[in-house]
Amino acid sequence: MTTISGNDVRRVVLACEAGMGSSVLLVTQLRDRLAGQNVEVVHSPVSRIPPDADVIVVHKGLEATARKVAPEKVVVSFNMFLGDPAFDRVVEAIKQGKPLEG
Amino acid sequence: MSMAVPAPAGTTGWRARVQRFGGFLAAMVIPNIGAFLAWGLITAFFIPTGWIPNEDLAQLVGPMIFFLLPILIGYTGGYLVHGQRGAVVGAIATAGVAIGGFIGTEIGGEVVQTPMFLGAMIAGPLGGWLIKQFDGRVAGRIPTGFEMLVGTFSAGILGAILAILSYWGIGPVVAVVSNAAGDAVEFLVDNTLLPLASIIVEPAKVLFLNNAINHGVLAPLGVAEAAEEGQSILFMIETNPGPGLGLLGAYWLFGPRSIRPSAPGAIIIHFFGGIHEIYFPYVLMNPILIVAMIAGGMSAVLTFVVTGAGLVSTPSPGSIFAYLAVTPKGEHFGVLAGVAVGAIVTFLVATVILKATVREVEPVLDAAVATERVPA
């Protein structure tokens, strides 16, 4: 379990298995919600999460893999691709500079 | 622990491992899917039974499947292991396998040609790994000014050796394995046993092993079959968007009220956008629904078997549009019937299950929300 302050988040990585399907869909959504926040939102295959990621957002089913690949990072997992509270948690933490655990 | 959450990390170490391995296989294939589609379109249009048969352009089909596609996979496999240098050596090694597959291997007194997709998945990463070992050994020991010379000659010499070894060694072995796997699939199809595959494929799919199964196993076998027969049913086992559509439809009409509004958007992303991952959580939040997925998947595959349907290339992403693009001329009935049957059967079974269990589902969802607030 790691914590990061929302103020320190510069790069959010959405990870899915291939890094080309569902993660791309989520990038578009999250990017819109974080517009104007000086935060980069990118997508990646879960097995090759870039080392400069601050927060990793991944589906519960891939959470174990994500934690293994990036053990030092904040990993936020979600259940639903649309309207999951996990996304609200990330957006809120970044917008209000609150700590984000995961 | 509520069932809405897929089993925790500790119990699913095997899954993470399979996922990583499968993810690696898929990562070799998925970036090159555009080339598969190009090949599929050229095949669908110009082969003798295509939309606008053209003998001249049909000549593109063979070399593209025997050379372009495997070498792209091998190149990408090498790249994943060791960047650009890995990619080059991986591609050279793959060329050895691919050319061997084109020339053919004698199996049971018959020369069998094999499009070397499995061979590429071995030779590409192997080439990348070997040059990585070499680079690691000589790092810091090359006299100044000789870096480029050493770099070029090491890749060239290792590549040449690997191309020969792949041509002689890996190719024939893979040809025999591919041929045996092809015979096994043929046996399953001939005896109408192929629908049983759904019992494994559908649960594995919602555990996010979808790409591993399709791109790692089914598609390479399908491509080999398509090269011989012009089409393959194997492309449709995992990719059929019908059952997911049926499931989301059932949720839309009969799911828990709090979930219903998200279903239409998910249907569009799943059925038209081809991102099947969007429906997996709807199964995982009420795992008994896997029965509906298996029922729909089996019925769909049975429909494909009975109508003799197949696709010319892998429909990826698994969108209805990708299906239409790679359906051979005159086969639309069987293909669309299978998609429709899959959707209807899953919808009906899921509806029954949702109606019976929907009260149990609500608290489970609350639990799922709660776990988000209290980090697990």
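I counted two residues as in contact if their C-beta atoms, placed from the backbone, lie within 7 Å. Helices (H or I, at least four residues) and strands (E, at least two) are DSSP runs, numbered from the N terminus. This is a predicted model, in which local features need pLDDT of at least 70 and side-chain atom pairs count only at pLDDT 80 or more, while totals for chains, interfaces and linings use all residues. Residues are numbered from 1 along each chain as its sequence is written, and chains are lettered from A and ligands numbered from 1 in the order in which they are written.

Entry: the helix H9 of chain B. I checked residues 263–272 and found B:Ala263, B:Ala266, B:Ile267, B:Ile269, B:His270 and B:Phe271 buried (20 or more other C-beta atoms within 10 Å of a residue's own). The buried residues of H9(B) pack against H1 of chain A, and also against helix H8 (242–254) and helix H12 (320–325) of chain B. Just after H9(B), I noted a positive phi of about 80 degrees at B:Gly274.

Entry: the contact between the chains. Chain A gives 30 residues and chain B gives 31 residues. On the chain A side, H1 (22–33), H2 (63–69) and H3 (85–96) each supply at least two residues, and H2(A) has the largest share, five residues.

Entry: a sheet in chain A. I found four strands in an open sheet, ordered E3-E2-E4-E5, with parallel pairing (two strands pair if DSSP finds at least two bridges between them). E3 (40–45) and E5 (74–78) of chain A stand at the edges with a single partner strand each, so one side of each has no neighbour in the sheet. Four bridges join E2 (residues 11–16) to E4 (residues 55–59) in chain A, and A:Leu14 stands opposite A:Val57 in E4(A).

Definitions and conventions. A residue is buried if 20 or more other C-beta atoms lie within 10 Å of its own, exposed if 12 or fewer, and partly exposed in between; C-beta atoms are placed from the backbone.
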